[in-house]
Amino acid sequence: MPYQYSKPEIQRPVSNTFIILSALAALFLNGLPWEGIGLMLRPDFVALVILYWCTHKPLRVGIGLSWAVGILADVADASLFGQHALAYTLLAFGGVVLHRRLQMFDLRQQTIQVFWIFALTYAVYALVNWQANGYVVWLYFLGCITSTLLWIPLSIMLQAMQQKRVDNNHP
Amino acid sequence: MIDGTQSFRFFNRGPSPVARLVFFAVLSLLLLFVDARYRYLESTRSALSVLVSPIQQLATLPGALWQQASDFFVTQSMQRDLIKQNEDLKLRHESDAAQLLLLQALQLENQQLRNLNGLPIRDEFTSQLAEIIYAERDVFKRKVLINKGANAELRVGQVVMDDIGIVGQITRVYPWLSEVTLITEKDHAVPVQVLRNGLRTIVFGAGNTSQLSLRYMPTSADIQDDDVLVTSGIDGIYPPGIPVAKVVKIERDPAYPFAHVTCLPLAGVDKHRNLLILSSLPKLPERPDEKSAAAEANNRVKARKNN
């Protein structure tokens with residue numbers, strides 16, 4: 001198996017500001033006026049960012065923080081209190097527990113693993129909605145696929161933004 | 001003693017992931033239960049919305065910029081269209097003005113007739129304009145957020161309409177925003193009358209489509225395609241006589257006691273940006289409690305027997 005992903009680079013410590021800014025940016029992207037089929041296809045940026053941080057910095061971003069972000073998402077989406085929070089709690093748990101395994105894989109293999117975590121998250125959200133309102137919109141699960149497709153670009157982007165100042169001393 | 005199978009923890013990192021998962025999942029479920037059943041958390045929600053609303057406002061900027069840009073290009077490129085549109089609007093305004101005069105005359109006449117008959121005068125209502133900031137944020141919901149909230153003295157239960165008919169009702173008020181539940185939201189009910197024959201009924205939202213349906217209409221009910229439903233004003237929430245929906249399909253299956261009637265909303269429930277919010281109507285007298293009314297009736301019967 002090719003072992004391409006974790007290049008032996010020592011990563012710089014991530015600043016708290018960067019983590020918070022990425023979460024806010026995700027909330028912003030989720031808040032853009034998506035409509036109709038665009039809304040169905042909308043990837044859950046917040047879930048993506050949470051999962052990224054939970055798998056890469058599990059000691060910094062964990063279940064508690066994800067829950068808090070979920071509560072904010074509940075307020076933003078006017079959904080039931082705890083609906084996003086519950087889904088993101090499970091998402092973060094998946095990320096924290098599987099983070100060692102995920103880092104063993106390259107990005108392509110990670111995508112498959114990540115899909116099931118997203119599927120679980122979306123299923124929990126839909127289940128709560130089904131319990132509360134009595135119906136499920138099946139097209140909603142399309143968002144799970146688009147979120148998974150965004151995993152590779154997002155990982156590369158966040159990785160690149162962290163490693164801005166790597167080789168300062170060796171021009 | 002440390003055995004080989006158990007890894008030694010050098011650093012104390014707090015409770016294990018499983019413990020945290022259980023704690024936060026139970027907390028979420030508790031919140032869900034409290035929010036869905038009792039709605040105790042509205043004040044917390046509006047407090048937290050202060051944190052979130054800057055991001056929400058920011059997220060509407062691209063849309064607003066896009067609209068401004070397209071407006072700019074429209075004014076640049078389609079002047080002839082605009083002139084024509086202006087003329088059309090002027091014509092429409094004139095015909096509307098004539099109709100308005102007629103309406104005022106009718107209103108006056110109606111008032112006089114009502115005075116003669118000793119009926120109370122119909123309530124006047126004022127309205128204020130608001131703009132939609134967010135369309136349906138959630139796939140499962142038919143709700144929009146508008147740019148006025150407690151700062152414009154909006155209250156829960158006020159009716160929202162556009163220039164054609166009813167759009168929805170305010171269901172939650174934040175400091176600077178309010179949430180409007182559209183009439184197409186699942187189980188949202190509006191008491192209506194069929195304009196053609198005055199048949200009273202209630203129209204419900206269908207939820208996952210932009211449709212409405214009439215439930216519990218007997219198969220023999222006098223209802224036809226293209227019938228217009230207007231608010232009956234019976235519950236004291238919606239002012240009477242405002243168009244709500246139009247019947248598009250009726251299925252009368254003799255196997256079921258009720259006809260399946262599908263309607264489409266008349267107002268641009270999914271279309272416009274600007275909405276009118278009606279001031280709430282004066283309260284109707286309390287509906288008598290059924291139990292106490294029954295008890296009173298019983299007492300009266302007993303009293304009569306005793307006599």
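The structure is a predicted model.

Chain B contains four helices and twelve strands. Of its 307 residues, 25% count as buried.

Six strands of chain B form a closed barrel. Their order is β6-β7-β8-β11-β10-β9, and the pairing is antiparallel. From one strand to the next, the twist averages 40 degrees. One pair in this barrel is β6 with β7. Strand β6 of chain B spans residues 189-194, and strand β7 of chain B spans residues 200-205. Five bridges link the two strands in the antiparallel sense. Within this pair, V192(B) lies opposite T201(B) of β7(B).

Chain B also touches chain A. The contact takes 38 residues from chain B and 38 residues from chain A. Two helices of chain B, α1 (17-37) and α2 (42-77), each supply at least two residues of the side that touches chain A. Helix α2(B) gives the most to this side, with twelve residues. By class, the side of chain B that touches chain A holds 20 nonpolar residues, seven polar residues and eleven charged residues.

The helix pair in chain A comes next. Two packed helices are described by the angle between their axes and the distance between the axes. In chain A, helix α1 covers residues 16-31 and helix α4 covers residues 63-77. Their axes come within 11 Å and cross at roughly 25 degrees. Angles under 35 degrees count as roughly parallel, so α1(A) is roughly parallel to α4(A). The crossing of α1(A) past α4(A) is right-handed. From α1(A), the contact is made by A23(A), L27(A) and G31(A). From α4(A), V69(A), L72(A), A73(A) and A76(A) take part. The residues of this contact of α1(A) with α4(A) divide into six nonpolar, one polar and no charged. Gly counts as polar, and G31(A) is among the contact residues of α1(A).

Technical notes. Residues numbered from 1 in each chain as written. Chains lettered and ligands numbered in written order. Predicted model: local features only at pLDDT ≥ 70, side-chain atom pairs only at ≥ 80, totals over all residues. Pairing = 2+ DSSP bridges. Axes fitted to C-alpha atoms, helices over the stretch in contact; angles between N-to-C directions. Contact = placed C-beta atoms within 7 Å. Parallel < 35°, antiparallel > 145°, perpendicular 65-115°, else oblique. Left-handed = near helix turned anticlockwise from the far one by under 90°. Buried ≥ 20, exposed ≤ 12 C-beta atoms within 10 Å, placed from the backbone.
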